[in-house]
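Let us read this model together, one feature at a time. Keep the sequence and the 3D view open.

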Amino acid sequence: MNNPPISGMRLGMRLGMRLGMDVALGEARAAAARGEVPVGAAIIDGTGRVIAARGNEVEAMADAGAHAEMLVLRDAARLLERKFLADCTLSVTLEPCAMCAGAIAAFRVQKLIFGAYDPKSGAVEHGPRVFSHPTTHHKPEIIGGVRDSECSAILQAFFGQLRNA
Ligand SMILES: [Zn+2]
């Protein structure tokens, strides 16, 4: 093996990134099975540990604000007993909307990884581009389009079923 050695921390972070989207995809599929718009999210800490994972629960909670990101951010802060998630990565299957992007800034998330791009409601690479706005207090490291096709396939299957229902 000629690969350069990877420190335990870096390896943990890499595995954590992979794991985060795996968990988020699982939450998205579970949300679809519950009849929710299938978006899932997970929070991983700096050591690669899954802190929280949630799917969209807008229908179940009758709460238009119950997006997967909002739920998982609150869960993680509650579990870690602190308001900021400065060493955490949020993985989510869809580009966050303006509400969720604002919350990601408020919770000072270190890194945002998202799957499918959302030209209609996304607010990271589209529309208000929350993190590029000069008044944004916190800009996470952002990686978009991670396992894009897997993430969008879940959404397309869900909306395809609705149309054919
Ligand atoms: Zn949202």
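Q: Which residue just after H3 takes a positive phi?
A: Glu81 does, at about 55°. Helices (H or I, at least four residues) and strands (E, at least two) are DSSP runs, numbered from the N terminus. Residues are numbered from 1 along each chain as its sequence is written. This is a predicted model: local features need pLDDT of at least 70, side-chain atom pairs count only at pLDDT 80 or more, and totals for chains, interfaces and linings use all residues.

Q: What span is expected of H3, at 1.5 Å a residue?
A: The expected span of a helix is 1.5 Å times one less than its number of residues. H3 has 13 residues, and 18 Å is expected. From first C-alpha to last, H3 reaches 18 Å.

Q: Which residues of H5 are buried?
A: A residue is buried if 20 or more other C-beta atoms lie within 10 Å of its own, exposed if 12 or fewer, and partly exposed in between; C-beta atoms are placed from the backbone. In H5, Cys151, Ile154 and Phe158 are buried. They cover an arc of only 65° around the axis (taken from the directions from the helix axis to the C-beta atoms), so they sit on the same side of H5. Ser149, Gly160, Arg163 and Asn164 are exposed on the other side.

Q: How many residues of S3 are buried?
A: Six of the six, so S3 is largely enclosed by the rest of the structure.

Q: Which strands pair with S3, and in what sense?
A: Two strands pair if DSSP finds at least two bridges between them. S1 and S3 are antiparallel, with four bridges. Thr89 in S3 is the bridge partner of Ile44. S3 and S4 run parallel, joined by five bridges. There, Ser91 has Ile113 of S4 as its bridge partner.

Q: What unit do S3, H4 and S4 make?
A: A crossover is right-handed if, with the strands pointing away from the viewer, the path from the first strand over the helix to the second runs clockwise. S3, H4 and S4 make a right-handed β-α-β unit.

Q: Which residues does Pro128 touch, beyond those up to four places away in sequence?
A: Contact requires C-beta atoms, placed from the backbone, within 7 Å. Pro128 touches Ala98, Ala123 and His133. Pro128 lies in the loop between S4 and S5. With 14 other C-beta atoms within 10 Å, Pro128 is partly exposed.

Conventions:
Two residues are in contact if their C-beta atoms, placed from the backbone, lie within 7 Å.
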